[in-house]
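Me: I would like to go through the labels attached to this model and see what each one rests on. Please set the values against the cut-offs.

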Amino acid sequence: MTQSLLDQSKIDAIKQELKWHPGGVTISALSYKMMMNRNLLAKYLDLLLRSGDVSVTIAGTSKVYSLSRRVPVNQLLNFVSDSVIVLDSDLKIVSLNKNLLERLGEKRDSLIGKKLNASGNSFLEGLDVSRFRNNDSSFTDLVIDITGLINNTTCSFRIKSVPVVFDDGNKGLALILKDITHQIQPRPLQEISGAGYQGIVEDQTEFIIRFLPDGTLTFVNNSFCHYLKMDVHEILGRSFFSRLFEEDREQVQMSLRGLNRENPARSVELRVKGPAGVPRWHRWTNFAHSLDDKGNIREYLGVGRDISDTCQIEKKFNLFISDQEFLYWHAWEFANLPADADIYLAIGKGIKELIPDAIVSVNTFDSFVPAEITYSTFRCFLGEKERQVFSQFIGRDIVGWGLGSPNESARSHILPCLMTGKLVKIPGNLHVVMMWSIPQSDCDKIEKILNLGDTYVIGLVSRSMLFGNIVIHLKKGDVLDRPMLIETYASQAMLALKCRHAEQELMEQSKIQHYKIPLSEREREFNIDSEKDGGTVSKNSS
């Protein structure tokens with residue numbers, strides 16, 4: 001499938017939607033937001049992934065899609081103070097900044113247009129850029145550490161790869177090389193002999209391991225044993241790769257394949273099965289520890305540490321940014337909602353975007369005053385299959401259907417919950433949630449058919465006025481995430497609903513006033529004309 005065979009407008013729409021979600025969005029949420037078939041959307045996203053326009057990260061069992069971060073090349077070279085080399089899609093050198101040229105002692109014209117492995121510079125020829133390609137040959141963001149020789153001096157660099165876009169729209173890759181030579185120990189650990197080496201290794205708080213090319217562990221230090229809560233004999237002889245998640249193994253093995261005498265060290269961030277198999281994020285720097293006469297690696301040395309806390313902080317920050325973008329976008333949407341638009345549908349779609357697998361309904365009451373409420377009406381019900389099931393049991397479309405007068409139990413339990421303006425988990429079953437308006441036997445069948453779990457409600461409350469409520473039916477086993485975001489969004493929805501009611505009241509008053517003004521004008525003109533004729537006419541004369 002090529003991009004030319006697809007609808008360009010849909011591709012543009014997908015990119016625009018992703019732009020509103022810099023923190024990323026799942027395919028379920030994106031499918032619902034765009035009202036596009038999930039399978040069709042998956043094909044478009046796969047194409048955009050292959051072209052490098054979209055990137056994907058794994059969050060639990062879900063894939064989170066976002067627009068790829070791309071930088072114009074001319075801005076990158078002027079902005080970055082570290083050494084920079086820019087490659088085209090064929091890995092030919094397009095540009096180098098002054099810092100790198102001076103470091104290499106090379107002339108720009110002697111390198112431009114050449115591939116790295118044919119550049120004639122030993123350092124550049126030793127750079128293995130295959131690491132920076134995905135399986136589909138697109139470029140990826142990555143950070144690795146390398147060590148190499150520049151003018152007979154051993155130097156260490158932290159390389160950051162950045163996918164770039166040239167002025168003509170073609171894609172390439174920029175490598176930003178940060179000199180970290182001063183951060184590296186002058187002597188590798190393997191050069192420390194005997195008992196001194198062993199003592200230092202065992203005292204390290206970092207994890208230190210040695211393993212064969214097939215991953216078999218030949219040494220682990222105390223820190224790694226304590227971390228896994230296992231004895232050393234339970235670890236040695238097993239494969240280090242078995243502790244990695246399957247989708248991360250290829251990344252590690254590619255990193256190891258890039259090690260040699262000229263590039264003896266590389267770093268990688270990956271997920272590891274920690275204690276009890278719990279996923280944890282690690283950062284490992286792997287060394288070519290032992291090589292034979294032909295340069296083949298016989299054993300690797302790995303130094304690692306758990307960076308899950310740092311990753312968690314970054315994840316929370318990204319989630320915070322995503323939440324703010326969500327609230328900003330929907331505040332704008334509410335403010336610009338046309339007067340004839342279905343505001344209840346707009347409110348429900350926002351909740352559905354946050355909880356794609358849930359059933360969401362928005363209801364209103366016949367009075368804003370809780371004590372005067374006699375019935376409620378379904379204004380919005382999201383979940384097409386679920387809507388059909390409910391409609392089948394009640395004998396009509398559930399949207400527009402009214403629940404009967406709340407009994408004493410509803411008034412004493414459900415309405416007070418709604419007046420808090422907070423998310424409240426409703427105790428009991430669907431029969432209770434529906435205020436006993438659907439027979440118990442039918443509610444039991446609906447729960448079984450739709451695999452319903454917990455139900456939450458939140459009132460759209462302003463002071464003592466109840467403008468409506470939102471009902472969220474989760475699937476069995478699902479947990480409600482981000483409750484504070486839902487409550488904040490509900491507050492936005494309440495303000496929008498309040499403004500809509502105020503506008504409707506003003507329109508009604510305007511109609512009445514528009515009707516009265518002409519009559520008053522005719523009365524005034526009639527009185528003036530009568531006075532001119534010398535007559536006296538009372539205001540109530542007809």
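Predicted model: local features only at pLDDT ≥ 70, side-chain atom pairs only at ≥ 80, totals over all residues.

Me: Why is Tyr489 called buried?

Reply: Tyr489 has 0% relative accessibility, and buried means under 20%, so Tyr489 counts as buried. Tyr489 sits in helix H17, residues 483-532.

Me: What does Tyr489 touch, leaving out residues up to four places away in sequence?

Reply: Its contacts are Phe326, Leu327, His330, Phe334, Ala346, Ile347, Gly350 and Ile351. Gly350 is 139 residues from Tyr489 along the chain, yet their C-alpha atoms are 8.0 Å apart. The side chain of Tyr489 also reaches the backbone oxygen of Ala346, at 3.3 Å.

Me: What makes Glu250 and Arg257 a salt bridge?

Reply: The cut-off for a nitrogen of Lys or Arg and a carboxyl oxygen of Asp or Glu is 4 Å. The side chains of Glu250 and Arg257 meet at 2.9 Å, N to O, so the pair qualifies under the limit of 4 Å. In general terms, side chains of opposite charge can pair when their charged atoms come close. By this rule the model has 13 salt bridges.

Me: Are Glu250 and Arg257 exposed or partly exposed?

Reply: Exposed means over 50%, and partly exposed lies between that and the buried limit of 20%. Glu250, at 34%, is therefore partly exposed. Arg257, at 55%, is therefore exposed.

Me: How do you know that the salt bridge of Glu269 and Arg283 links distant parts of the chain?

Reply: The closest N and O atoms of Glu269 and Arg283 are 3.1 Å apart. Glu269 is partly exposed because its relative accessible area is 38%, while Arg283 is buried because its value is 12%.

Me: Which strands are linked by the salt bridge of Asp306 and Arg280?

Reply: In this salt bridge the closest N and O atoms are 3.0 Å apart. Asp306 is in strand E14 (residues 297-306) and Arg280 in strand E13, 26 residues apart. Asp306 has a relative accessible area of 24%, so the label is partly exposed. Arg280 has 27%, so the label is again partly exposed. Elsewhere, salt bridges with shared partners join Glu247, Asp248 and Arg271 into one network.

Me: Which residues have the most contacts inside the largest nonpolar core?

Reply: That core has 32 residues, and those with the most contacts inside it are Ile347, Ile351, Ile355, Leu460, Ile470, Ile472 and Ile486. Elements that give two or more residues include H11, helix H12 (343-354), strand E20 (465-475) and H17. H17 gives the most, 8 residues. Ile351 touches Val360, Ile470, Ile472, Ile486 and Tyr489, not counting residues up to four places away in sequence. Another core, of 26 residues, lies apart from this one and has Ile85, Leu104, Leu142 and Leu175 among its members.

Notes:
Residues numbered from 1 in each chain as written. Heavy atoms only, no water. Helix = DSSP H or I, 4+ residues; strand = E, 2+ residues; numbered from the N terminus. Buried < 20%, exposed > 50% of the residue type's maximum accessible area, 1.4 Å probe, protein only. Contact = heavy atoms within 4.5 Å. Polar contact = N/O pair within 3.5 Å; in protein donor to acceptor, adjacent residues only side chain to side chain. Core = buried A, V, L, I, M, F, W, Y, C linked by side-chain atoms within 4.5 Å.
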